[in-house]
Amino acid sequence: MLSTNPEFATTKNLQVFPSPAKASSIINIKTEGIAGSLELFDMQGKLIFNRVIEASHVDALELRAPEQPGIYLIRINSANGQQDQKLLVDRKSTRLNSSH
């Protein structure tokens, strides 16, 4: 008889990093092979991005962070339910020229 681990079957393991992210930088979303969809919303509820996630051997996705600083919501929808994770986006870092 096979046993199943309910923790593994859910989307409770959604991880987003780095957070805070710099505007327009690449963020990684750990999905652990979940099949479903990934959605990115701004805090007004506007859908910014939508992508289908295949149940392949992909454990993480890369996504370019929005250009506008702010708080966003990443949502994973799958047959096992829905998982939300906040993403904080800071301004792009600026380099100061320290030459004298």
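Trainee: Where is D90 found?

Mentor: D90 is found in strand β8. Strands are DSSP runs of E, at least two residues, numbered from the N terminus. This is a predicted model, in which local features need pLDDT of at least 70, side-chain atom pairs count only at pLDDT 80 or more, and totals for chains, interfaces and linings use all residues. Residues are numbered from 1 along each chain as its sequence is written, and side-chain values use heavy atoms, with hydrogens and water left out.

Trainee: Is D90 partly exposed or buried?

Mentor: Partly exposed, with a relative accessible area of 28%. The cut-offs: buried is under 20%, exposed is over 50%, and partly exposed lies in between, with a 1.4 Å probe and protein chains only.

Trainee: What is D90 in contact with, leaving aside neighbours within four places in sequence?

Mentor: P20, A21, K22, A23 and P69. Contact means heavy atoms within 4.5 Å. As for I71, which is 19 residues from D90 along the chain, the two C-alpha atoms are separated by 8.9 Å.

Trainee: Which residue forms a salt bridge with D90?

Mentor: K22, and the closest N and O atoms are 4.0 Å apart. The pair links distant parts of the chain, 68 residues apart: K22 is in β2 (residues 21-22), D90 in β8 (residues 81-90). The criterion is a side-chain nitrogen of Lys or Arg within 4 Å of a carboxyl oxygen of Asp or Glu. K22 counts as partly exposed, at 39% relative accessibility.

Trainee: How many salt bridges are there in the whole structure?

Mentor: A search of the whole structure finds 2. D84 forms a salt bridge with R75, with closest N and O atoms 2.7 Å apart. D84 is partly exposed, at 31% relative accessible area.

Trainee: Why can such side chains pair?

Mentor: Side chains of opposite charge can pair when their charged atoms come close.

Trainee: On to sheets. What is the strand order in the open sheet of 5 strands?

Mentor: β2-β8-β7-β4-β5, with mixed pairing. β2 and β5 stand at the edges with a single partner strand each, so one side of each has no neighbour in the sheet. Two strands pair if DSSP finds at least two bridges between them.

Trainee: In what sense do β2 and β8 pair?

Mentor: Parallel, over 2 bridges. A21 stands opposite V89 in β8.

Trainee: And the open sheet of 3 strands, what order does that have?

Mentor: β1-β3-β6, with antiparallel pairing. β1 (15-17) and β6 stand at its edges, each with a single partner strand. Neighbouring strands here are turned by 25° against each other on average, direction ignored. The axes are lines fitted to C-alpha atoms, for helices over the stretch in contact, and angles run from 0 to 180 degrees between N-to-C directions.

Trainee: Which side chains of β6 are buried?

Mentor: L61 and L63, which point to one face of β6 (residues 60-64).

Trainee: Last topic. Which residues form the nonpolar patch on the surface?

Mentor: M43, I71 and L88, with about 260 Å² of accessible area together. Areas come from the Shrake-Rupley method with a 1.4 Å probe; for residues, only the protein chains shown count as cover. Patch residues have over 30% relative accessible area and no salt bridge; like charges are joined within 9 Å, nonpolar side chains (Val, Leu, Ile, Met, Phe, Trp, Tyr) within 5 Å. M43 is in the loop between β4 (36-42) and β5 (47-53). M43 is partly exposed, at 48% relative accessible area.

Notes
Helix = DSSP H or I, 4+ residues; strand = E, 2+ residues; numbered from the N terminus.
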